[in-house]
Amino acid sequence: MEQCPMCFAMKELKKEQELLTCHQTQFRFIKRLKEYDCIPFTLSTANRRFHAFHRGKPTPFFLLESIDEQTGCVMLTLLEPLDIEGNHAFPADTFFSLQKTDSCVTVVPCCFCSIEPLPLECVGRPLPVREPKG
């Protein structure tokens, strides 16, 4: 299969994600405060941001699970955007935390024009504890 710029970008993303999970990687000037195992991102076509659906609700946020070297297809895990109350965030850009789901989608990277990584700490960010009013 012919490689496109997005295929190369996905391979680079996969390499960097593997570096995150490698506990043997030692940094000289970076101290890890928390262990991260994934890089969240969005994908866009020429016209708009790509969305997939988890339990009937749209999400534009994904994690790269795997790359099929034969076909070039990538398997993505959907991330659910949650607001500060723990509800599905809509519009999605108003999210407080991104939660991993058990939903996946397989896509052809060459169908997309851009990938936008998000801060690592967005995934699994704990929701604030709210005291009951009373």
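Predicted model: local features only at pLDDT ≥ 70, side-chain atom pairs only at ≥ 80, totals over all residues.

Biologist: Okay, how many helices and strands does the protein have?
Modeller: There is one helix, along with seven strands. Going from the N terminus, the order is α-β-β-β-β-β-β-β.

Biologist: And what share of the residues is buried?
Modeller: Of the 134 residues in the protein, 35% are buried. As for contacts with a separation of 6 or more, 58% of them come from residues 24 or more positions apart.

Biologist: Let's talk about the core. Which residues have the most contacts inside the largest nonpolar core?
Modeller: Those are M10, F41, L43, L64 and L76, in a core of 19 residues. Two or more residues each come from helix 1 (5–21), strand 1, strand 4 and strand 5 (74–82). Helix 1 is the top contributor, with five residues.

Biologist: What is M10 in contact with, leaving aside its neighbours within four places in sequence?
Modeller: M10 is in contact with F41, L43, L64, I67, V74, P109 and I115. There's also another core that lies apart from the largest one; it has 11 residues, including L63, A92, F95 and C122.

Biologist: Switching to aromatics. How many aromatic pairs are there?
Modeller: The count is four. One of them is F50 with F62, a stacked pair with 5.5 Å from centre to centre and 25° between the planes. F50 sits in the loop between strand 1 (41–44) and strand 2 (52–54), while F62 is in strand 4 (residues 61–67), so this pair ties together parts 12 residues apart in sequence.

Biologist: Is F62 buried or exposed?
Modeller: F62 is buried, because its relative accessibility is 0% and the cut-off for buried is under 20%.

Biologist: What about F50 and F112, why does that pair count as edge-to-face?
Modeller: Their planes are at 65°, with the ring centres 5.1 Å apart, so the pair is edge-to-face; the angle has to be over 60 degrees for that. F112 lies in the loop between strand 6 (97–107) and strand 7 (114–117), and F50 in the loop between strand 1 and strand 2, so here the parts tied together are 62 residues apart in sequence. F112 counts as buried too, at 9% relative accessibility.

Biologist: Which residues form the aromatic cluster?
Modeller: F41, F50, F62 and F112 form one cluster. On another ring, F96, R125 lies over the face, 5.1 Å from the ring centre.

Biologist: New topic: where does C7 lie?
Modeller: C7 is in helix 1, and at 4% relative accessibility C7 counts as buried. Setting aside neighbours within four places in sequence, C7 is in contact with P109 and C110.

Biologist: And how far apart are the C-alpha atoms of C7 and C111?
Modeller: They are separated by 9.9 Å, with the two residues 104 apart along the chain.

Biologist: What lines the largest cavity?
Modeller: Its lining is Q3, C7, M10, K11, I67, D68, E69, G72, V74 and P109. Helix 1 gives the most to that lining, with three residues.

How values were computed
Residues numbered from 1 in each chain as written. Heavy atoms only, no water. Phe/Tyr/Trp six-rings, centres within 6.5 Å; stacked < 30°, edge-to-face > 60°. Helix = DSSP H or I, 4+ residues; strand = E, 2+ residues; numbered from the N terminus. Buried < 20%, exposed > 50% of the residue type's maximum accessible area, 1.4 Å probe, protein only. Lys NZ or Arg CZ within 6 Å of the ring centre and 35° of its normal. Core = buried A, V, L, I, M, F, W, Y, C linked by side-chain atoms within 4.5 Å. Contact = heavy atoms within 4.5 Å. 1 Å grid on protein atoms, 1.4 Å probe; cavity = no way out; pocket = protein on both sides within 12 Å on 5 of 7 lines; lining within 4 Å.
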